[in-house]
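Here is a short report for a reader new to this structure. Look at the sequence and the model first, then read on.

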Amino acid sequence: TCAEMATVSRGFNIDAPRWDQSTFMGRLKHFFNITDPRTILVPEEELDQAKALVEGWRAGLVPPGSSQEQLLYAKKLYDSAFHPDSGEKMNFIGRMSFQVPGGMALTGCMLQFYRTVPAVVFWQWVNQSFNAIVNYTNRNAASPISLRQIGVAYVTATSTALATAVGLNLYTKVCQEGNGWVAACIPPPTLMAACLLQRAPPLLARWVPFAAVAAANCVNIPMMRQQEIINGVTVTDKDNNELGRSRRAAVKGIAQVVVSRITMAAPGMIILPIIMEQLEKFAFMQRIRVLHMPLQTLLCGGFLLFMVPAACALFPQRCSLALADLEPELRDSIMAKHRDKVPYVYFNKGL
């Protein structure tokens with residue numbers, strides 16, 4: 001009624017982004033809003049109330065006295081906890097708002113415990129388990145995936161991360177091992193490359209976790225979302241009218257997500273080791289070694305607090321693809337129905 005809508009401005013659309021999503025700064029503000037780590041502290045009951053308020057507005061049922069600020073906050077909670085495709089509540093660990101606390105703890109541990117093979121194996125396994133949950137949670141939900149495919153994706157990505165991390169970890173120790181069993185197991189060309197690596201600054205050893213994370217992301221995300229590549233994702237016109245399913249759209253969206261995830265981890269895992277390498281040269285840092293891990297973890301959190309929304313903002317979540325770049329059969333089908341009225345198709349690339 002008019003009385004109920006008195007505190008909400010006319011023309012307000014709760015689903016319209018508050019900031020221009022065609023610009024990086026607009027997307028950055030949007031993702032700062034919905035990846036706010038404080039939202040993970042919001043009780044489940046309040047999240048459900050936020051969903052009810054958002055869905056009520058969509059249905060034209062506005063609770064008396066609702067203000068625009070209340071609706072915007074409800075939409076923020078809704079976007080942070082519910083999947084944009086299915087509307088289902090996402091698991092706690094997989095939400096992007098959990099990336100800062102979850103990522104800072106795991107990144108801090110990977111950067112701190114990189115010297116021994118058992119530690120590398122354990123923390124890379126924990127990290128890939130975390131990544132698998134995040135990738136599954138933030139997939140394009142219109143493309144279901146079986147438990148078997150999830151298992152294969154998890155095992156493949158974890159194996160890739162472990163092989164990369166353990167291999168590079170051993171390489172950095174080859175020359176120190178001399179003619180030991182490690183050197184004996186590595187072919188001469190690889191051994192020579194490893195020796196060159198060993199002569200390089202010790203800082204390179206600290207970058208091993210990032211190499212493993214980057215390699216695993218290139219495997220984990222495509223594998224976890226393989227159904228999208230096999231069957232395609234739903235594409236629409238600018239008014240959200242479905243046009244069909246496209247495998248090329250899926251490949252583009254997944255490739256952008258891989259770039260975003262690697263970018264998200266890069267500053268903390270590349271710059272932070274340089275900072276710690278310099279700090280550890282000071283006498284006071286050598287006296288408080290027990291505080292190195294907490295300090296490194298907090299610094300990781302500082303990087304991720306900015307990098308999670310920044311990496312998500314690199315590409316629009318509502319991704320577009322030119323009609324000319326679609327599969328020929330889908331392109332012809334759209335042309336037959338709409339002629340040249342649909343120059344671009346749109347789809348949710350996931351996060």
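## A glycine in a helix

Gly-167 is found in helix α6, which covers residues 147–171. Helices here are DSSP runs of H or I with at least four residues, strands are runs of E with at least two, and both are numbered from the N terminus. Gly-167 is partly exposed because its relative accessible area is 22%. Buried means under 20% relative accessible area, exposed means over 50%, and partly exposed lies in between (1.4 Å probe, protein chains only). Val-117 is 50 residues from Gly-167 in sequence, yet the two C-alpha atoms are 9.4 Å apart.

This is a predicted model: local features need pLDDT of at least 70, side-chain atom pairs count only at pLDDT 80 or more, and totals for chains, interfaces and linings use all residues. Residues are numbered from 1 along each chain as its sequence is written, and side-chain values use heavy atoms, with hydrogens and water left out.

## The whole chain

The chain has 16 helices and four strands. Of its 351 residues, 46% count as buried. Contact means heavy atoms within 4.5 Å. Among contacts in the chain with a separation of 6 or more, 77% join residues 24 or more positions apart.

## Helix α13

Helix α13 spans residues 247–279 and has 33 residues. From first C-alpha to last it reaches 48 Å, close to the 48 Å expected at 1.5 Å a residue. The expected span is 1.5 Å times one less than the number of residues. α13 bends by about 35 degrees at Ala-266, and Pro-267 follows within four residues. The bend is the angle between axes fitted to the seven residues ending at a residue and the seven starting there.

Ser-246 caps the N-terminal end of α13. Its side-chain oxygen lies 3.4 Å from the backbone nitrogen of Arg-248. A polar contact is a pair of N or O atoms within 3.5 Å; within protein, one must be able to donate a hydrogen and the other to accept it, and residues adjacent in sequence count only if both atoms are side-chain atoms.

## Helix α15

Thr-297 sits in helix α15, residues 292–312. Thr-297 is buried, with a relative accessible area of 15%. Its side chain reaches the backbone oxygen of Met-293 at 2.8 Å. Leaving out residues up to four places away in sequence, Thr-297 touches Met-104, Ala-105 and Gly-108.

Gln-296 also lies in α15. Gln-296 counts as buried because its relative accessibility is 1%. Beyond neighbours within four places in sequence, its contacts include Gly-108, Arg-206 and Leu-272.

## Strand pairs

Two strands pair if DSSP finds at least two bridges between them.

| Strands | Sense | Bridges |
|---|---|---|
| β1 (residues 233–236) and β2 (residues 242–246) | antiparallel | four bridges |
| β3 (residues 318–322) and β4 (residues 344–348) | antiparallel | five bridges |

β1 and β2 form a hairpin with five residues between them. In its turn, Asn-240 has a positive phi of about 70 degrees. Val-235 has Gly-244 in β2 as its bridge partner.

In β3, Cys-319 and Leu-321 make up the covered face. Arg-318, Ser-320 and Ala-322 make up the uncovered one. In a regular strand the side chains alternate between the two faces of the sheet. Cys-319 stands opposite Phe-347 in β4.

## Cysteines

How many disulfides are there? The count comes to zero, where a disulfide is a pair of cysteine sulfur atoms within 2.5 Å. For Cys-300, the nearest cysteine sulfur is that of Cys-109, 9.1 Å away. Cys-300 counts as buried, at 1% relative accessibility. Cys-218 counts as partly exposed, at 43%.
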